[in-house]
Amino acid sequence: MFSTAIAGSLPKPAWLAETEKLWPQWTTQGPELQQAKADATLLWIKVQEDAGLDVVGDGEQARQHFVHGFVEQVEGIDFANKVTMGIRNNRYDAQVPQVIAPLRLKGRVHAFEAQLARAHTKKKLKFTLPGPMTIVDTVADRFYGDKVKMAMAFAELLNQEALALQADGVDIIQFDEPAFNVYMDEAADWGVKALERAAQGLTCTTAVHICYGYGIEANNKWKETLGQEWRQYEKVFPALAKSSIQQVSLECMHSHVPMEMMQLLEGKDVMVGVIDVANPAIETPEEIAETIGRALQFVPKNRLIACTNCGLAPMSRAVAEAKLKALAEGAKLASQRYA
Ligand code: ZN
């Protein structure tokens, strides 16, 4: 009854990149690197299928980081000279590329891994792209001088790639917008509009993922400052409910998000995060089923998809594999219990 999917990223094997890092360096280069990316993509499709997940993805094995993987293929960006910039409202410093000229795609961005994944699975295939607002928050602007204008420029490019991914046979295109939880007013004001521009004309399923970030130290410390009730979703969910985006992925397991936030997403499929990505402890099926049970107070049965809170990229491979299995087992138990 409850289908299962992951938010997006999975750990990179040691023969592809540095392990347990959010911005890992590749282990190899040239044709060998391309082969390693392909091998890792196929490996994770197999692991997701074996775990019993209903929707699978490429695990973002072919990109260094979920934002930079896209930005690298954009003309008008100086990727060689990165600068240090506080991102997510100065939560942490990152090395970011600079926008120095009008933006244009150099060509296809993710054709290689999307087509490879499509050729090797019959399951529903989800593909993730960064959302326009989150990209704007992860590059240094030396050209546009206007956040909204730059977001719309990125949205157009994202749309080009999204339409091409759809033509590659991708079933679900998901935009990742962690920035929506940081700039709540702006997200409701123009973030959702930019997102809809990125999804314009898509006939496949469209989704957005909004989380409290990867399980890295800076994020864990930030979460400690958010108090007992995390109400960041309260502003953006009503705007999303009115939008054309069909699925919303949110953080739930072990978070302080009040469950009733989910009722603000009326009419949307809700990907409920039932796997914690900040804690290596493996969730029990019982714990997952119980979380799904609580979410069912606010989400109709036929709209609930069991998912991870966020990507699993910075975790160890063994932990990620165990968490994928737990996700499938927990959703199965919930299906038996609440059918
Ligand atoms: Zn996330």
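**A tour of the predicted chain**

Begin with the whole chain in cartoon view: in this predicted model, the secondary structure amounts to 10 helices and 11 strands. The radius of gyration is 19 Å, close to the 20 Å that the globule rule gives for 339 residues, so the chain is as compact as a globular protein of that length. Along the principal axes, the C-alpha atoms fill a box of roughly 55 × 45 × 40 Å, and 47% of the 339 residues count as buried. If contacts between residues at least 6 apart in sequence are considered, 78% of them join residues at least 24 apart.

Next, select residues 30–51, which form helix α1, together with residues 317–338, which form helix α10; the two pack at an angle of about 35°, their axes lying 8 Å apart, and their crossing is right-handed. To see the contact itself, show the side chains of V47, Q48 and A51 in α1, which meet E321, L324, K325 and A328 in α10. By type, the residues of this contact comprise 4 nonpolar, 1 polar and 2 charged.

Then turn to the open sheet of 3 strands, whose order is β3-β4-β6 and whose pairing is mixed. Its edge strands, each pairing on one side only, are β3 (74–87) and β6 (140–141). Select residues 92–105 for strand β4, which runs parallel to β6 and is joined to it by 2 bridges; here Q98 stands opposite A140 in β6.

How values were computed
Residues numbered from 1 in each chain as written. Predicted model: local features only at pLDDT ≥ 70, side-chain atom pairs only at ≥ 80, totals over all residues. Helix = DSSP H or I, 4+ residues; strand = E, 2+ residues; numbered from the N terminus. Rg over C-alpha atoms; globule rule 2.2 N^0.38 Å. Buried ≥ 20, exposed ≤ 12 C-beta atoms within 10 Å, placed from the backbone. Contact = placed C-beta atoms within 7 Å. Axes fitted to C-alpha atoms, helices over the stretch in contact; angles between N-to-C directions. Left-handed = near helix turned anticlockwise from the far one by under 90°. Nonpolar A, V, L, I, M, F, W, Y, C, P; charged D, E, K, R; others polar. Pairing = 2+ DSSP bridges.
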